[in-house]
Structures are given as structure tokens and as C-alpha cells.
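Please keep the structure open while reading.

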Amino acid sequence: MAATFAPADPLPLSRRLLLPSRLPATPLLRHRRPRLVAMAAEPGGENSKPRVLVAEKLGRGGVDLLKGLADVDCAYNLSPEELRAKIGLCDALIVRSGTKVDRDVFEASGGSSGAPGSGSTMWTSPPPPNMAAEHGIALLTAMARNIARSDASMKSGKWERNKYVGVSLVGKTLAILGFGKVGSEVARRAKGLGLHVIAHDPYAAADRAHAIGVDLVTFDEAIARADFISLHMPLTPSTSKILNDEAFAKMKKGVRIINVARGGVLDEEALVKALDSGVVAQAALDVFTKEPPSADNKLVLHEKVTATPHLGASTVEAQEEVAIEIAEAVLGALKGELASTSVNAPMVPAEVLSELTPFVLGRLVVQLVAGGSGVKSVKVTYTIAITRGDLDTRLLRAMITKGLIEPISDVHVNIVNADFTAKQRGIRITEERILLDGHSPFD
Ligand SMILES: NC(=O)c1ccc[n+]([C@@H]2O[C@H](COP(=O)([O-])OP(=O)(O)OC[C@H]3O[C@@H](n4cnc5c(N)ncnc54)[C@H](O)[C@@H]3O)[C@@H](O)[C@H]2O)c1
Ligand SMILES: O=C(O)[C@H](O)COP(=O)(O)O
């Protein structure tokens with residue numbers, strides 16, 4: 001779930017980031033009108049209420065919270081044109097994964113100040129990973145025991161005990177591809193079902209996997225040994241269609257695939273072929289390359305496929321939790337606060353970048369060092385002039401975290417969420433300052 005906003009208080013950003021005060025605000029920041037602050041100053045009670053557009057179903061608790069402070073417009077199934085037209089009149093937009101908030105939508109956003117393109121900030125509130133993990137396990141067990149098809153058969157008046165003989169889980173091998181928040185929760189649950197769990201994740205720490213009894217293996221080994229393969233990586237250029245013809249050819253005949261990650265991580269045409277040839281015995285899919293899929297989507301219609309319409313986060317509890325979280329982020333922003341879940345708060349203003357150019361290399365180096373294995377601890381040594389001893393290093397820490405996490409995840413790291421994100425991933429960044437009496441070596 002995500003919310004976009006006009007910035008409440010753009011000019012004092014340099015204070016919020018504790019940047020050196022002599023640095024001017026960037027032109028980018030200056031043209032971002034402080035829409036919410038201006039609204040608060042508007043006379044006329046009723047009219048000064050901010051407007052929030054809720055474009056996809058939001059938990060009741062979140063809507064009620066918003067209504068306390070804003071005019072809330074719940075309008076679902078908007079076409080892109082309708083969304084662009086409406087967002088121009090709103091101060092905040094709340095969407096779920098079904099709505100594309102693209103450049104056109106951002107540019108059309110104007111808020112009640114009526115200044116299109118005045119700039120927006122975006123927050124996300126990911127659902128608790130347990131929810132997608134529970135759904136992955138539900139799909140795995142339902143697929144193995146033909147629950148959906150045998151239920152449909154009974155509802156059509158049949159009693160087909162021989163047709164719907166399932167397969168056991170106990171003693172089988174489950175390969176988890178992507179051992180992050182959801183993947184590791186699936187692993188815990190699968191172990192309880194008697195499955196032997198292996199995982200492939202080039203960036204996961206082996207000790208974290210071992211702690212829950214999971215061996216990290218190579219991609220080829222994972223797909224070759226598995227009876228079940230469950231996908232839990234983000235969709236990135238390197239994971240796009242990672243399960244393709246070549247990968248299916250390396251799998252055991254009769255393997256079963258579960259996907260609650262993103263449709264694009266598997267090649268849908270290749271999966272249809274693998275199902276038809278029997279290489280893949282069954283698949284259970286919650287996500288599709290195009291959502292909703294077309295009515296004639298071969299996977300949805302395939303008799304060996306159990307399909308659900310992107311329900312991974314759809315439990316009553318998760319919906320309430322994220323609705324309240326996102327409503328609080330929205331209300332906080334209306335009061336001028338920055339939430340740690342902001343995904344596009346400015347990373348580094350241009351002037352600061354030039355000030356910090358020697359250090360910016362840090363991000364690149366971190367990526368190089370990260371190579372293929374999980375980095376868990378980074379030590380940064382700053383050699384700086386004594387006059388700059390109070391340099392606020394959060395920007396640099398954020399760049400390091402960004403360099404480590406963004407290439408392998410769909411999390412957007414910025415100055416606001418960087419420390420939180422690093423902590424959440426178990427990455428420890430320590431800093432040491434060597435103060436020089438004279439100039440810094442970079443002057
Ligand atoms: N169906 C749903 O409703 C639903 C709900 C929640 C999350 N999701 C999706 O599930 C996926 C996982 O979410 P998460 O919260 O666990 O993310 P996460 O960032 O915590 O974990 C992703 C893991 O994938 C790993 N990874 C990256 N590239 C890889 C590669 N090439 N091979 C193997 N592993 C790789 C990363 O190192 C990371 O550990 C995401 O795609 C997310 O969008 C779907
Ligand atoms: O899959 C996702 O990105 C979300 O975690 C769940 O999306 P939803 O709010 O549209 O269910």
C-alpha cells in the first residue's frame with residue numbers, strides 16, 4: 001500500500017537533514033511549494049481541510065482515521081485519465097499494488113493549492129511478511145492436495161476420489177528463491193510441515209539461514225534438487241524471467257512451483273510449456289506479469305494451475321494494519337512530519353553532492369565489495385578537516401545502505417529510511433572520524 005503527497009515543508013529540508021547551513025536550498029526544493037502549510041493558512045474552515053483520494057480499497061480503521069482530519073474521497077477502479085484528473089484536486093493519494101503511480105500521475109498532482117506538478121513525496125506501507133508467507137503455504141498445500149479442483153468438482157455434483165489423489169509434503173525438498181522477509185517466513189512454516197528446506201539468495205547471510213535450519217545453495221543446485229520451488233525475490237533486471245526455458249530444463253521432472261512474489265520473475269510462456277510437457281507437475285500463482293491477467297491467460301485457465309488474484313497481503317488483519325499505518329503517515333505528513341516509510345524523500349541535494357563528491361564514491365565501492373555475498377557490517381572512516389568535524393554523516397550512511405540494498409531489493413533507500421532499513425536487514429554501519437588540523441585531503 002502506498003500514499004503520495006505534496007511536501008509539507010520543503011524549504012527547511014536542509015534543517016531536517018542537518019546539512020551545512022551555508023548550503024542554499026536547491027532550485028528543485030525551492031519550486032516545491034509547501035502545499036500543506038499553505039492550506040493550513042487558508043481562511044475558511046471547511047475549505048482548508050486537505051483532500052485525500054483513496055483509489056483502492058483501504059481498511060475501515062484507516063479511512064476513519066483520515067476522516068478525522070481530511071475530506072476523504074474513496075473512488076475505486078479509476079482509469080488512468082480519471083486518476084490524473086482527480087489527483088490534481090487532491091493533497092494525498094492512497095493506492096495499493098493495483099494502481100500505477102507513474103510520472104504522469106505525479107506531474108498531474110496539484111493538491112488543493114491547484115499547482116500541478118508542485119512535487120510529491122511517496123510513502124509505502126508494506127504488509128507484514130507473515131501474510132504473504134501464509135498465502136504461499138496455503139497455495140503450496142492446496143496445490144499438493146488439489147483442493148481447488150476437487151472443491152469445484154464436488155460443487156458440480158461429482159465425487160472423484162481417484163482423480164484428485166495428491167502428493168505428500170513430508171520428506172520432500174522445498175527450494176526458496178529469495179531468502180528475505182517473506183522467503184524466510186515461508187521456510188519456518190515449511191519446516192513445520194516436514195519439508196526439507198534449501199534456499200538460494202546471493203545476498204543472504206548463511207548464519208541467518210542456518211539459524212532456522214536452511215542451507216543456502218547455488219541457483220542451479222536449488223532448482224535441480226527441489227520438489228517444490230517457491231519464489232520470493234523482488235522483480236529486478238536480474239530476476240526478470242529467472243525461471244525460463246533454460247531453468248525449467250534443469251529441474252526435476254514433476255517439480256511444483258509457487259509464486260507469490262511478482263509475475264515477471266517467471267517466463268509465463270515457458271511455464272505453460274513446462275506444464276504441458278510434464279516437467280512442471282503443477283503451479284500455484286498469486287501474481288501475474290499483467291494484472292489482472294487477460295481472460296484467455298493460458299496459466300489461469302491451465303488445469304494444473306491453482307490461481308489467486310494477488311491475495312498475498314489480503315487478510316482482514318493485514319489490511320487493517322497497513323491501512324492504519326498509511327493513514328498515520330498521511331496525517332503525519334499533513335502536520336509536516338516525514339515518515340520513515342517515505343520512499344522518495346530527496347536523497348542528496350545537488351550542492352551537497354558536490355560538497356561530498358569524494359565520499360560519494362562510497363556507494364560504488366560498497367556495491368563492488370558487496371559482490372555476491374551478504375555484507376553485514378561496514379566500517380566507514382572519514383578523514384576530514386577539524387573545522388568540518390560536525391559533518392552530518394547520515395547522507396553518507398544512507399548512500400552506503402542504498403548501494404548495498406537497492407540492487408537486490410525493491411526497497412527504495414533514502415535519507416529518511418536508511419538507518420531503519422539497514423537495521424531491519426541486520427547491516428551494521430560503524431563510523432570513525434580522523435580529524436585533521438589542516439585541510440582535509442580532499443580540499
Ligand atoms: N503476493 C503479495 O501480495 C505479496 C506480498 C508481499 C510481498 N510480495 C513480493 O514478495 C517478494 C519478496 O518480498 P520480501 O518482503 O520478502 O522482500 P525482501 O527484499 O525482504 O526479500 C527479497 C530477497 O530476494 C533476494 N534476491 C534479490 N535478488 C535475488 C536473486 N537474483 N536470486 C535470489 N534472491 C534474490 C534479496 O537478497 C532478498 O533477500 C517481493 O517481490 C514482493 O513484492 C508479494
Ligand atoms: O504485493 C504487494 O506489493 C503488496 O505487498 C500487496 O499489495 P496489495 O496491497 O495490492 O494487496
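A polar contact is a pair of N or O atoms within 3.5 Å; within protein, one must be able to donate a hydrogen and the other to accept it, and residues adjacent in sequence count only if both atoms are side-chain atoms. By that rule, an oxygen atom of ligand 1 meets a polar backbone atom of Met233 at 3.0 Å.

This is a predicted model, in which local features need pLDDT of at least 70, side-chain atom pairs count only at pLDDT 80 or more, and totals for chains, interfaces and linings use all residues. Residues are numbered from 1 along each chain as its sequence is written, chains are lettered from A and ligands numbered from 1 in the order in which they are written, and side-chain values use heavy atoms, with hydrogens and water left out.

**Ligand 1**

- The shell holds 26 residues, and Lys181, Val182, Asp201, Met233 and Asp286 are the closest; a residue is near a molecule if one of its heavy atoms lies within 4 Å of it.
- Backbone polar atoms also face this ligand at Val260, 3.0 Å from a nitrogen atom of ligand 1, and at Gly312, 3.4 Å from an oxygen atom of ligand 1.
- The shell around ligand 1 comprises 12 nonpolar, eight polar and six charged residues; Ala, Val, Leu, Ile, Met, Phe, Trp, Tyr, Cys and Pro count as nonpolar, Asp, Glu, Lys and Arg as charged, and the others, Gly among them, as polar.
- Ligand 1 lies between domain 1 (1-26 + 346-443) and domain 3 (129-307), because both give residues to its shell; the bounds come from an automatic or database domain assignment.

**Ligand 2**

- Arg96, Ser97, Pro127, Arg262, His310 and Ala313 surround ligand 2.
- Oxygen atoms of ligand 2 lie 2.9 Å from a polar side-chain atom of Arg96, 2.5 Å from a side-chain N or O atom of Ser97 and 2.4 Å from a polar side-chain atom of Arg262.
- The protein covers 80% of the 320 Å² of accessible area that ligand 2 has on its own.
- Its shell divides into two nonpolar, two polar and two charged residues.

**Largest nonpolar core**

- This core has 30 residues, and those touching the most other members are Leu177, Ile229, Leu243, Phe248, Met251, Ile257 and Leu271.
- A nonpolar core is a set of buried Ala, Val, Leu, Ile, Met, Phe, Trp, Tyr and Cys residues joined through side-chain atoms within 4.5 Å, where buried means under 20% relative accessible area (1.4 Å probe, protein chains only).

Notes
Accessible areas come from the Shrake-Rupley method with a 1.4 Å probe; for residues, only the protein chains shown count as cover. Buried means under 20% relative accessible area, exposed over 50%, partly exposed in between (1.4 Å probe, protein chains only).
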